[in-house]
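Hi,

Here is the structure for you to look over. My notes on its salt bridges follow below.

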Amino acid sequence: MSKDNQVSITVIRRLPIYYRYLGDLLKKGINRISSKELSNLIGFTASQIRQDLNNFGGFGQQGYGYNVEELHNEIGKILGLDSEYKVVVTGAGNLGHAVNSYRGFRDAGFNIIGVFDKNPDNPRHAMRNMEVRDFDELENFLSENKIDIGIITTPKDYAQETADIYIRNGIKAIWNFATIDLVVPEDVVLENVRLSESLFTLSYYLKNKENE
């Protein structure tokens with residue numbers, strides 16, 4: 001585990017993929033799998049899978065492969081999924097609704113305890129399972145609650161302001177959906193989700209495929 005800070009971001013981004021596939025195998029009652037069989041499922045080479053996992057220790061056994069449940073649990077620990085996290089969402093529009101409503105986050109230990117918006121009384125912002133609070137209450141709420149992760153689903157005009165409030169109140173991890181490059185200190189982890197950029201990339205590949 002001490003090698004985590006030396007592991008490339010490419011490897012880290014593959015870990016959730018392994019975790020998902022192993023979870024599916026568990027649901028099917030499969031207890032053991034080789035790197036070759038895992039390769040056939042995921043599409044990465046068996047050698048790549050072994051190299052990725054070796055960054056975090058030896059999980060497989062020669063001639064046996066991997067214990068699916070054990071490997072799933074270990075990757076979960078590496079990803080921090082054996083912990084509980086308190087989360088706030090700023091922005092109660094469509095994206096904010098989608099994030100707050102997705103049960104998978106809570107099942108994985110990401111507990112959304114507050115949702116904030118500049119216009120909390122807008123009927124379109126109402127949420128079934130969560131009161132939408134006024135954005136002006138955000139700073140006080142953060143000062144009274146130790147929050148691990150701040151999510152930003154606001155329009156980009158308010159994103160940096162929101163990030164600054166998060167940072168000022170000790171939040172060290174920000175999940176940003178706004179289409180703006182946020183400025184954050186080095187000790188704050190920032191993960192950007194750019195839906196339009198992903199779609200535009202897909203459009204590029206589609207166009208070039210049609211031109212072949």
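A salt bridge here is a side-chain nitrogen of Lys or Arg within 4 Å of a carboxyl oxygen of Asp or Glu. This is a predicted model: local features need pLDDT of at least 70, side-chain atom pairs count only at pLDDT 80 or more, and totals for chains, interfaces and linings use all residues. Residues are numbered from 1 along each chain as its sequence is written, and side-chain values use heavy atoms, with hydrogens and water left out.

The structure holds eleven salt bridges. Three of them are described here.

Arg168 and Glu139 pair through their side chains at 2.9 Å, N to O. This links distant parts of the chain: Arg168 sits in helix α8 and Glu139 in helix α7 (residues 138–144), 29 residues apart. Helices (H or I, at least four residues) and strands (E, at least two) are DSSP runs, numbered from the N terminus. Arg168 is exposed at 53% relative accessible area. Glu139 is partly exposed at 28%. The cut-offs: buried is under 20% relative accessible area, exposed over 50%, partly exposed in between (1.4 Å probe, protein chains only).

Lys118 and Glu161 form a salt bridge at 3.6 Å, N to O. Lys118 is in the loop between β4 (110–117) and β5 (132–134), and Glu161 is in helix α8 (residues 156–168), 43 residues away. Lys118 is partly exposed at 40%, and Glu161 is partly exposed at 37%.

Arg194 bridges to Asp181, with the closest N and O atoms 3.4 Å apart. Arg194 is buried at 15%, whereas Asp181 is exposed at 61%. Shared partners join Asp181, Arg194 and Glu197 into one salt-bridge network.

Best wishes
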